[in-house]
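Subject: Structure for you to look at

Hello,

Here is the structure I said I would pass on. Please open it beside this message and follow along.

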Amino acid sequence: MAKQQSAQIDARHYDVILAPHITEKSTLASENNAVVFKVAGDATKPQIKEAVEALWPKAKVTGVNTIVVKGKTKRWKGKAYKRTDMKKAIVTLVDSSAVDITEGVS
């Protein structure tokens with residue numbers, strides 16, 4: 001029989017949040033208790049909030065803003081191609097809670 005975790009994390013939470021989005025701008029946002037993630041294209045704000053609170057139990061989310069970044073049109077060897085679109089989520093946290101994205105998921 002497999003071991004049961006006390007706080008079992010649903011596998012769909014890993015499908016919603018794909019990766020942290022680490023840039024200069026997102027690092028500056030972290031000073032204001034905000035964390036930026038790359039999320040699935042069909043993820044909704046309530047799903048993102050639920051996933052963050054499930055993956056990081058100490059985190060308490062106050063708001064979620066989403067942005068769809070359109071892929072750039074580039075050229076390679078004279079032929080045009082388009083990068084894929086990406087959806088980002090800016091997750092605002094309560095002042096006392098923190099998410100350390102460098103240590104990974106607990």
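Helices (H or I, at least four residues) and strands (E, at least two) are DSSP runs, numbered from the N terminus. The model is predicted, so local features need pLDDT of at least 70 and side-chain atom pairs count only at pLDDT 80 or more, while totals for chains, interfaces and linings use all residues. Residues are numbered from 1 along each chain as its sequence is written, and side-chain values use heavy atoms, with hydrogens and water left out.

Pocket

A pocket is an open set of points on a 1 Å grid over the protein atoms alone, where a 1.4 Å probe fits and protein lies on both sides within 12 Å along at least five of seven lines; lining residues have an atom within 4 Å of a point. A volume is the space filled by probe spheres set on the points, which are joined across faces, edges and corners. The largest pocket holds about 230 Å³ of space. It is lined by 16 residues, and the closest to its centre are Ser30, Ala34, Val35, Val99 and Ile101. Helix 2 (24–29) and strand 2 (34–39) each give at least two residues to this lining, and the largest share, three residues, is from strand 2.

Helix 3

Buried means under 20% relative accessible area (1.4 Å probe, protein chains only). In helix 3 (residues 45–55), the residues Ile48, Ala51, Val52 and Leu55 are buried. They are on the same side of helix 3 because they cover an arc of only 95° around the axis, the arc being that of the directions from the helix axis to the C-beta atoms. Among the elements that cover them are helix 1, strand 1 and strand 6 (86–93).

His13 is in helix 1 (residues 12–16). Its relative accessibility is 5%, so His13 counts as buried. Contact means heavy atoms within 4.5 Å; leaving out residues up to four places away in sequence, His13 touches Glu50, Ala51, Ala54 and Leu55.

His21 is in the loop between strand 1 (17–20) and helix 2. At 15% relative accessibility, His21 also counts as buried. With the residues up to four places away in sequence again left out, its contacts include Phe37 and Met86.

Hairpin

Strand 4 (residues 73–76) and strand 5 (residues 79–82) pair in the antiparallel sense over four bridges; two strands pair if DSSP finds at least two bridges between them. Lys74 stands opposite Tyr81 in strand 5. Two residues lie between the strands of this hairpin, where Lys77 takes a positive phi near 55°.

Regards

Technical notes: Buried means under 20% relative accessible area, exposed over 50%, partly exposed in between (1.4 Å probe, protein chains only).
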